[in-house]
Amino acid sequence: MRIVDPSTAEPSWALRSDGARDAPHQSVAASLLLLLVVSLSFAFGSLARADEAGSTAPTVVVTEELRAELRRYAAWYWDQQDLPHELRDPAFEWHIQPPPGELNPFGEALTLFSRIYSGRLRPLDPVTPYTLLDLLADDPQVIARFRMYTTTGLLDTTVEDGDVHCRHGEALVEALLAPASDPLMGLDDALVSEGAASIATVGLRLGVLPPLVNPIPDPPPPPLPDLPAEIQDADRAMKEAEEIFQRWLEKLRQRHFLLYQSDQWWDDGVSGFDCDDFAEFLGRFLRWYVQRHAPGQPILEPRILQMRKGYGIRGHAVTLIFLGDYYWIIDPRTGLRRGPFHRYLEWPPDASFIADQYWPGSGYEFGYPMHYPADWRPFYEDDPWHSDPNQRERILPELPPDIPPDSILP
C-alpha cells in the first residue's frame with residue numbers, strides 16, 4: 001500500500017476543504033476547485049450514488065477535538081492488538097470523555113469504508129452475508145488502510161484499486177462541495193497526483209447517503225407456503241425452551257442477581273455479559289433443546305442480529321435462528337419473538353417491534369453487521385462471556401437443572 005504523506009508529497013495541486021490553496025490568490029483556488037470537480041467527474045465517470053443499506057451517519061456529532069481524541073484511542077487500540085493477550089493494558093486514559101453509550105470510536109471509518117468497498121460486500125444476504133468486518137478480516141490491505149485511517153485520518157487509493165478508487169473520488173467530491181455548516185461532511189486535505197492516478201485524503205467524513213430513486217414499485221411478495229411439519233415442530237420446541245429461559249431470568253430478578261453486566265469495551269475492556277452474550281446464550285440453548293425435543297430435522301443455526309441506528313454504539317443485539325428456509329427473531333431479555341419468516345421472501349426483517357421496547361419511535365433498524373455467528377464477535381466487541389473465567393464462575397453455578405452447562409457452552 002502506498003501512503004501519500006501530505007507534508008512531503010508533491011501533487012500537481014492540493015486543496016483544503018475551506019477552498020484555500022497554498023497560494024495567495026483565492027480566485028485561482030476557486031478555479032482549481034472547479035477543475036478538481038471536472039477532473040474527477042471525467043476520471044470516474046458517473047457520480048451516481050449507490051444504495052448502501054445501513055450506511056448512515058453516527059448518532060453523535062463528533063467535534064474536531066473529540067475526533068483527535070478518538071484517533072489517539074485508535075492508535076492505542078491497535079497497539080494493544082499487536083501485543084499478546086497477557087501483556088495488554090485494558091485501561092485507556094481519555095483526555096476527552098466521549099458520550100457514554102452513544103458513540104462508536106470507529107463509526108466514521110466504518111461508514112466511509114463500507115461506502116468505498118461496497119462493491120465487495122453483501123451485508124443483506126440472508127444466507128451468506130459478507131460485511132465490511134468480514135472484508136477487514138480477510139484482506140490485509142483493507143485492514144491496513146482501515147488502521148491507518150482510524151489513527152491518522154489518511155486514506156490513499158490508486159487507479160489500480162478500480163471501483164474502490166472511483167468511490168473514493170465520489171466521496172471526495174461530495175466532501176469538498178459539502179456546506180461548511182454540515183458537521184458530518186468535510187475534508188481536511190486532498191492530494192491528487194497527475195491524472196488522478198492517486199488520491200490521498202485526510203479527515204474525509206461522510207454523512208447520510210440517500211437511497212437510489214426507483215420509479216418502478218416492487219411487486220408484492222408471493223404468498224408464504226404452508227409451514228412444513230418440521231418447522232412447526234421446531235417452533236413448538238423453541239417456545240418451550242424460551243419459557244424455561246424466561247422463568248429462570250425471572251427467578252434471578254427476584255433474587256436481585258444481575259445477569260446483565262455491560263462490557264463497556266471502549267472504557268476499560270472488561271468482558272461482561274451484555275445483549276450479544278444474551279443472544280448467544282439463548283441461541284445455543286434453543287439449538288440444544290430443539291435437537292432433543294424435535295429430532296430428525298436439520299440443526300438450528302443460531303446467529304446474532306444487531307440493531308442500531310447507523311454505527312453508534314447504542315443499539316441492541318437479539319437472537320436470530322435459521323432453520324432451512326425459515327428464521328425467527330427473539331429478544332432474550334424480554335422473550336419477545338417473531339417468526340417463522342421465510343428467509344427469501346421476508347428479508348431483511350423489520351426491527352421496530354423490538355426497538356420500540358427500548359427506544360419508542362427511535363427508528364432503529366437492523367444495522368451493521370446484519371448478522372454473524374454466535375461464536376464470533378466484531379473486532380470492536382469484547383470476547384464472549386464464557387471466555388472470561390470470572391463470568392463463568394459467576395454464571396454457571398446459577399444455571400437450573402433444565403439448562404445444563406453443555407447446552408450453552410461451545
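Does Ala 294 count as buried or exposed, and at what relative accessibility? In this predicted model, Ala 294 counts as buried because its relative accessibility is 5%, below the 20% limit that defines the class. The protein chain comprises 410 residues, of which 50% are buried, and its secondary structure consists of 11 helices and nine strands.

**Overall architecture**

- Among contacts in the protein chain with a separation of 6 or more, 67% are accounted for by residues 24 or more positions apart.

**Nonpolar cores**

- In soluble globular proteins, nonpolar side chains tend to be buried together.
- The largest nonpolar core contains 36 residues, and Phe 106, Phe 113 and Phe 146 have the most contacts inside it.
- At least two residues of this core come from each of helix 2 (64-81), helix 3 (107-116), helix 4 (132-138), helix 5 (140-152), helix 6 (163-177) and strand 3 (189-192).
- With six residues, helix 2 gives the most to this core.
- Beyond its neighbours within four places in sequence, Phe 113 is in contact with Leu 132, Val 142, Arg 145, Phe 146, Tyr 149 and Leu 155.

**Glu 69 in helix 2**

- Glu 69 is located in helix 2 and is classed as buried because its relative accessible area is 5%, under the 20% cut-off.
- The Glu 69 side chain reaches the backbone nitrogen of Ile 96 at 3.3 Å.
- When neighbours within four places in sequence are left aside, the contacts of Glu 69 are with Phe 92, Glu 93, Trp 94, His 95 and Ile 96.

- Helix 9 spans residues 275-293, and its 19 residues reach 27 Å from the first C-alpha to the last, close to the 27 Å expected at 1.5 Å a residue.
- Helix 9 is mostly covered, with 15 of its 19 residues buried.
- Ala 294 is placed in the loop between helix 9 and strand 5 (301-308).
- Leaving aside neighbours within four places in sequence, Ala 294 is in contact with Asp 233, Ala 234, Arg 236 and Ala 237.
- A distance of 9.6 Å separates the C-alpha atoms of Ala 294 and Ile 231, which are 63 residues apart along the chain.

How values were computed:
Residues numbered from 1 in each chain as written. Predicted model: local features only at pLDDT ≥ 70, side-chain atom pairs only at ≥ 80, totals over all residues. Heavy atoms only, no water. Core = buried A, V, L, I, M, F, W, Y, C linked by side-chain atoms within 4.5 Å. Buried < 20%, exposed > 50% of the residue type's maximum accessible area, 1.4 Å probe, protein only. Helix = DSSP H or I, 4+ residues; strand = E, 2+ residues; numbered from the N terminus. Contact = heavy atoms within 4.5 Å. Polar contact = N/O pair within 3.5 Å; in protein donor to acceptor, adjacent residues only side chain to side chain. Expected span 1.5 Å × (residues − 1).
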